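Please keep the sequence and the structure in view while reading.

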Amino acid sequence: APGGGSDRVRERTRAKRVGCMLMAGRGDGDLLRALEDPNLVVSLSDGELRRLAELRRFRGDLTSAPRKDLVSFLLTAGGGQQQQQQQQQQQLKRPVGRADASRRKALLIGINYRRTSQELGGCITDTRYMNYCLTQRFGFHAQEEVLMLNEDQKNPFQQPTRANVYRAMEWLMTGVRAGDSLVFMYSGHGGQVRDFTGEEVDGMCETILPLDHSTAGPILDKDLYLWMVKPLPAGARLFALCDSCHSGTILDLPYAFAPPSGNTQGGGGWPQSPWRPAANFFKGTSGGDAVCISGCRDDQTSADTKALSGSATTGAMLYAFVKAVEHGTARTYGELIISMRNIIEQALRHGMDWGALASAGVSTMIFGPVVRMAMAGPRLATSFMGGNVQVPQLSSDKAFDLRKPFSL
C-alpha cells in the first residue's frame with residue numbers, strides 16, 4: 001500500500017528508540033510480572049517504564065511523558081484486571097479499623113556508610129525496627145506498603161543513593177489522595193549548608209546525606225519539603241521520623257516543639273501554646289497534615305549507640321520511638337514526644353537497664369524468622385558525645401493540640 005513502507009520505518013524507529021533504553025536481559029514477561037509489586041515498578045529504569053507503559057497501552061507520547069506520570073499510570077490504571085483483583089483481595093485482608101478507600105505507604109531509609117571513614121553502626125537496624133513496628137503494631141503490609149532502602153538490599157534500585165532516594169519519594173507520593181497515611185523514616189548522617197534564601201532562622205539549611213553524597217551531593221530540607229510536604233493533599237497525612245544530626249527542621253515545617261526536661265504531662269497543662277515558629281517564612285501543605293519527629297535540634301547531633309538496646313547498635317531516637325509504642329506511652333503526640341525525650345535523657349545521661357525490653361517481643365521479632373537478635377545482659381548507658389543529650393523535636397504544618405491521639 002502507498003506509504004506503508006514509511007509507516008513501517010517510523011514504527012521500527014520508534015521501537016528502536018524505546019527498546020534501546022531497556023536494561024539488558026529483562027523481557028516483556030518480566031516487566032509485566034513487575035506490576036505485581038509496586039516496589040519493583042518504582043525501581044524500573046526510564047526505558048523499562050516506557051516499555052511497560054507501552055505494553056499496558058499508555059495513551060500519550062512515551063518519549064516525552066514524565067517519569068512520575070508513567071509510574072502513576074502503572075500503579076493505578078495500568079496494572080490491568082488481574083492487578084485490580086489482587087488489590088481488592090489485599091484490601092479484604094487489611095486490619096480492622098482501616099477505611100476501605102484509604103491506603104498506607106511507608107518509605108524507610110537507613111545508611112551505615114560501610115567501609116568509609118563516616119561509618120555508622122545502627123541505621124540499617126533502625127529500618128528493621130521501624131519495619132517491625134509498622135507491620136506488627138500498625139498493620140502495614142510489608143511487601144505492598146513498605147519500601148526499604150539500605151545497603152543490605154539486593155535490588156540495586158533499593159540502595160540508598162541520591163537518585164534512588166528521589167525515586168522512592170516519587171513512589172511514596174504517587175497517587176496520594178484524601179484518607180491516605182504516609183510514613184517517611186530516615187536514619188543516617190545529616191549536615192548543614194548555608195541558606196541564601198532567608199527562610200532559615202539560623203541561616204543554615206539542614207541536609208540528609210545519601211550513600212553517594214561525596215559525589216552526588218546532599219539532599220536539602222527544601223527538596224524534602226517540595227517532594228513530600230508541599231504536594232500533600234487535603235485529607236492525607238504524612239508522619240516522618242528523621243534520626244540524624246541537625247534534623248530539627250529537616251522538612252521545613254513552620255511550627256516546632258521541643259519537650260522540656262522532666263515533663264510528664266503528655267501534651268497538656270502548659271499555660272500557653274508550646275509551639276514556636278520554626279522558619280522566617282510560612283511553608284505549608286496543599287491541605288494535608290504533616291508531622292515530623294526529629295532526632296535532635298538543628299544545633300545538635302544524634303547518638304548512634306549500643307547503650308539503648310543493650311545489643312544491636314541503634315539510633316537513639318528511633319529506639320525511643322519503638323519503645324514508647326511498645327510500652328503504651330504513645331497515646332497522644334504530646335505523650336509520645338515527652339516519653340521519647342525522657343527515655344533518651346535517662347539512658348544517655350544517667351544509665352538505664354534495657355533488658356526488660358525483651359519481654360515486649362522486639363528482640364525476637366525484629367529481624368524476622370531467619371535472623372534473631374539475642375539480647376545481651378543489661379548494660380548501663382553512660383554519657384554520650386560530651387554529655388550534650390539530644391532533644392527529640394516535634395514539627396508540624398499546623399499548631400495542633402498535643403493531646404491529639406497518635407496514630408498512623
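Ser395 lies in strand β13, which covers residues 393-396; helices (H or I, at least four residues) and strands (E, at least two) are DSSP runs, numbered from the N terminus. The model is predicted, so local features need pLDDT of at least 70 and side-chain atom pairs count only at pLDDT 80 or more, while totals for chains, interfaces and linings use all residues. Residues are numbered from 1 along each chain as its sequence is written, and side-chain values use heavy atoms, with hydrogens and water left out.

The C-alpha atoms of Ser395 and Ala240 are 9.6 Å apart, although 155 residues separate the two along the chain. Asn164 belongs to helix α9, residues 162-173. Both residues in the table are classed as buried (under 20% relative accessible area; exposed is over 50%, partly exposed in between; 1.4 Å probe, protein chains only).

| Residue | Relative accessible area |
|---|---|
| Asn164 | 5% |
| Ser395 | 1% |

Beyond four places in sequence, Asn164 is in contact (heavy atoms within 4.5 Å) with Leu149, Pro156, Phe157, Gln158 and Gln159.
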